[in-house]
Amino acid sequence: MRRFLLVAAAVLAMAGPAAAVTPDEQLPNPAQEARARALSRELRCVVCQNQSIDDSDAALAHDLRIILRERIAAGDTDKQAVDFLVRRYGSFVLLRPPLQADTLALWLGPLAVLALGGAGVFFYLRGRTAAAPPPLDPADEAELARLLNTDEAG
C-alpha cells in the first residue's frame, strides 16, 4: 500500500504543466525574467496551439521565448514586446486574442457549433413528436365500450 501511495504521489506531482524554460534562456535580471515569464504564459505556442510558450517544449516555443527575452532585455515594455510577436505571427499567438475581424472565427466559432447542434436536436425531437391517432370508427368504439364494460363487471 505504501508503494502505491508513493507512485500515486509521484504521478500527481508530474501531472501539472511543466515549465519548459531552460536555465540558458533565463535573463540575469530577476525583474526582467519575472516579466518574461508572465508574458510567456499569455502567448500561445503556434505548434502546440493549446499550450503557452512557457509550457511548451517545441522548438518554435523556445525561439519565441528567446525573442521575447531579447525584446525585454532591449528595453521594450510588455506591450511593445507582445506587439512585436503579434506583428510577426498574428493575433493567433495570443492565448486570449482580441475581438477583431480576423479573430471572429475564434470567438464565434464555438457559439456557431453550439447553435447548429441545438438546432439539430430541436429538429430531430420535433420530427419525433407522435401524431394523434386517427379517430375510431363506430364499430371500434362499440367494441372498446364492450371490452371496458366486461372488465368492470368482472
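**View 1. Gly90 follows helix 4, with a positive phi near 90 degrees.** Helices here are DSSP runs (H or I, at least four residues), numbered from the N terminus. This is a predicted model, where local features need pLDDT of at least 70, side-chain atom pairs count only at pLDDT 80 or more, and totals for chains, interfaces and linings use all residues. Residues are numbered from 1 along each chain as its sequence is written, and side-chain values use heavy atoms, with hydrogens and water left out.

**View 2. Helix 4 spans residues 78-89.** Its twelve residues reach 17 Å from first C-alpha to last, close to the 16 Å expected at 1.5 Å a residue (1.5 Å times one less than the number of residues). Ala81, Val82, Phe84, Leu85 and Val86 are its buried residues (under 20% relative accessible area, with a 1.4 Å probe and protein chains only). Their cover includes helix 2 (30-40) and helix 3 (59-73).

**View 3. Helix 3 meets helix 4.** Have a look at Leu60, Leu64, Ile67, Leu68, Arg71 and Ile72 in helix 3: they contact Ala81, Phe84, Leu85, Arg88 and Tyr89 in helix 4 (heavy atoms within 4.5 Å). That set divides into nine nonpolar, no polar and two charged residues (Ala, Val, Leu, Ile, Met, Phe, Trp, Tyr, Cys and Pro count as nonpolar, Asp, Glu, Lys and Arg as charged, the others, Gly among them, as polar).

**View 4. Leu104 sits in helix 5 (residues 104-127).** Leu104 is partly exposed, at 37% relative accessible area (partly exposed lies between buried, under 20%, and exposed, over 50%). Not counting residues up to four places away in sequence, Leu104 touches Leu99 and Gly109.

How values were computed. Helices (H or I, at least four residues) and strands (E, at least two) are DSSP runs, numbered from the N terminus.
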